[in-house]
Amino acid sequence: MERVLIINAIIHKPVKTNWLKIVVLAIAGTVCIMPCATAQQILHGHVPEAIARLHLQPIGRLAATNELWLAIGLPLRDRAGLENFVAQVSDPASPNFRHYLTREQLTARFGPTEQDYEAVKNFARTNGLAIAVTHDNRLVLDVTGPAAVVEKAFHITLRTYRHPTEARDFFAPDTEPMVDAAMPVVDIEGLSDFSLPHSKWEKSKGAHATSKKVANGNAPDGSGDLFGNDFRNAYVPGTTLNGAGQSVGLFELSDTIFYTNDIFNYANLAGDGRTNIQVGSVYIPPFNGRQSGSAGELELDIEMAMAIAPNLSSIVCFIGKNNANPNDILNQMLARSNILNLSCSWGWYGPTNTTDAIFMSMDAVGQTFFNASGDSQAFTTGSNSVNGVDNPNVANAPSSNPYITQVGGTTLKMNSAGDSWASEIVWNWAVEQNQPKVGSSGGISSYYSIPSWQTNVSNMAGRGGSTNFRNIPDVAACADYIYEIYNNGNNNSNNPFDDNSGTSAAAPLWAGFMALVNQQLAANGQPSAGFINPALYAIAARTNYTAFFHDVTSGSNTWSASPNLFYATNGYDLCTGLGTMNGTNLINALTVPLTVNLLIPHTVGTNFQFQFLSQVGFTHAVQYGTNLVLGGWQSYTNVTGDGTLKTISIPLSIFGTSREGFVRVLTR
């Protein structure tokens, strides 16, 4: 990763600037043959594709009185502008790196207008829908109403069908919803329950009894499972960082709250102050905070976050019903932008424009979001394939989203009893436990183009990846042999060879790790890390890549529908991404000061001179140029950082006849 320091080296004389005013006229209209009714726009992507492909026949109609909760998504006023802003604020080589917006600034600059929001609210009221929740950033409007009212408002009929792969019925519109062409609406969540969200929490069947001890974990039941400080010893050995002052936010569709005794008992057994962490919940309407069903996913997320960050200020669980609209939960996480470290271990249908807008907004305000890539092994090729990551009929979203960090899973082995990292392989229960289609998910998106920061991976095609589309995952962490206390005291003590696993553990481990990074950044007086993918891939491009990542080179996530893809290899792969975090080296690489303690620059004779304090373990590239906008930086010298003060003297003649010159220092 590179940090940029821009120094206006010299201006020889004032330069007259001519401003060119550019006016862009956006003209939108609808042509019709008169006389005509109000033109309509079709909102695509709401009818499950499986209905037509499998020739599913309706078995009835949703009862007219069934109450529906809908999340209506509005368009950003300047999506391209927000994408460009996120690219700059996340790029270590950009002068705008980590210059975040407040939520208010974000809404004023990029969010839907107040007029647009009022138009959608008026549309809802006029059509008999009740406004349930409004959102300050105006990206989402929640409404409720009986099925008959919803049908009339969106010109659809809600049919019921027998689900082709699950033992239940589902409802869905028979045609795509329509609204007036001028109505600022991009998508609607809640019009179908074909694809229900699912967690990425797996429970083993005890089939690998003979190999259970291989993890060498320090679980209190003697099972050999990994527990508490084992994760710190593996991923951040020796650090004094503990997450103090930081919070972790967890996305949950558990339809239940956690058991306080489970969390206390885990924290108490793990020690090191974990019982002081405030663990709380934000209930997303219409969830009312009941305690029912399994809390296994929710409690694993909490325990993994505190395992690697034992002195967090708080862990906040954003909990919705198990059929809630994901954008409602995501937008509430964005609304609490002071919670910087976010994790999600759930999958749902998608992609959608509104989800993209929320994730980009998180990047713009400095939040970091980690998503469990999935537990279904390799994603298959194509949006309609059996396990396509962008298949709208499969709950794999948001695992291809390019605005968040995707986290795969490994099987971690420790030295001795949780003392230190020994090795990692791709998590794959098809091999380990003969459980097909259970393992670290990775693959290629058919929806999102390859992000610029992923194009620096060498020989991507040779790794089984794509040079045109988004590759998944980005990183990985432990997803196997994990000791958990859950569901009111269960710790698998009835079968010590059972354990709980999944990439659902890996994502909150990274969120906990990021709390350590942001703790260090706060101590440095710097902004938060924000969207870290551009930085991670830049760090991985260095020649000493393995100093920052544990490179996972063994194993695969292949299965019967993907027998040849994908395999672990040196460097990036589509099983575990760049690998797992390698201790304080990665923390240091993500927290190098944005400036290099520059002393006042000045001219000495015919030279321009400045000083900076070099950073141990980093190379400082001193470059010069004559045009700050167009770039064209040229190398002057490279300085090896050793913690001492460096003096750089550059002859003014190097700038030639240019009226101005610039110098920058890149820290690599």
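This is a predicted model: local features need pLDDT of at least 70, side-chain atom pairs count only at pLDDT 80 or more; totals for chains, interfaces and linings use all residues.
## Aromatic pairs

A pair of aromatic rings is described by the distance of the centres and the angle of the planes. The structure contains 19 aromatic pairs. In one of them, the ring centres of Phe227 and Tyr483 are 5.4 Å apart and the planes stand at 90°, so this pair is edge-to-face. The two residues are 256 residues apart in the chain: Phe227 belongs to the loop between strand S12 (202-203) and helix H6 (230-235), and Tyr483 to the loop between strand S24 (475-478) and strand S25 (500-501). Phe227 has a relative accessibility of 7% and counts as buried; Tyr483, with a relative accessible area of 4%, is buried as well.

Phe370 and Trp510 form a tilted pair, with 5.7 Å from centre to centre and 35° between the planes. Because Phe370 lies in strand S18 (residues 368-372) and Trp510 in helix H12 (residues 503-523), the pair ties together parts 140 residues apart in sequence. Both Phe370 and Trp510 are buried.

Ring pairs also join Trp453, Phe531, Tyr537 and Tyr572 into a cluster.

## Contact of helices H12 and H14

Trp510 also takes part in the contact between H12 and H14. The axes of H12 and helix H14 (residues 583-590) come within 9 Å and cross at roughly 55°; the two helices are therefore oblique to each other. Their crossing is right-handed.

On the H12 side, the contact is made by Trp510, Phe513, Met514, Leu516, Val517 and Leu521, and on the H14 side by Gly583, Leu586, Ile587 and Leu590. By class, this contact has 9 nonpolar residues, 1 polar residue and no charged residues.

Definitions and conventions
Residues are numbered from 1 along each chain as its sequence is written. Side-chain values use heavy atoms; hydrogens and water are left out. Rings of Phe, Tyr and Trp (its six-membered ring) pair if their centres lie within 6.5 Å; planes under 30 degrees apart count as stacked, over 60 as edge-to-face and the rest as tilted. Helices (H or I, at least four residues) and strands (E, at least two) are DSSP runs, numbered from the N terminus. Buried means under 20% relative accessible area, exposed over 50%, partly exposed in between (1.4 Å probe, protein chains only). Axes are lines fitted to C-alpha atoms, for helices over the stretch in contact, and angles run from 0 to 180 degrees between N-to-C directions. Angles under 35 degrees count as roughly parallel, over 145 as roughly antiparallel, 65 to 115 as roughly perpendicular and the rest as oblique. A crossing is left-handed if the near helix is turned anticlockwise from the far one by less than a right angle, and right-handed if clockwise. Contact means heavy atoms within 4.5 Å. Ala, Val, Leu, Ile, Met, Phe, Trp, Tyr, Cys and Pro count as nonpolar, Asp, Glu, Lys and Arg as charged, and the others, Gly among them, as polar.
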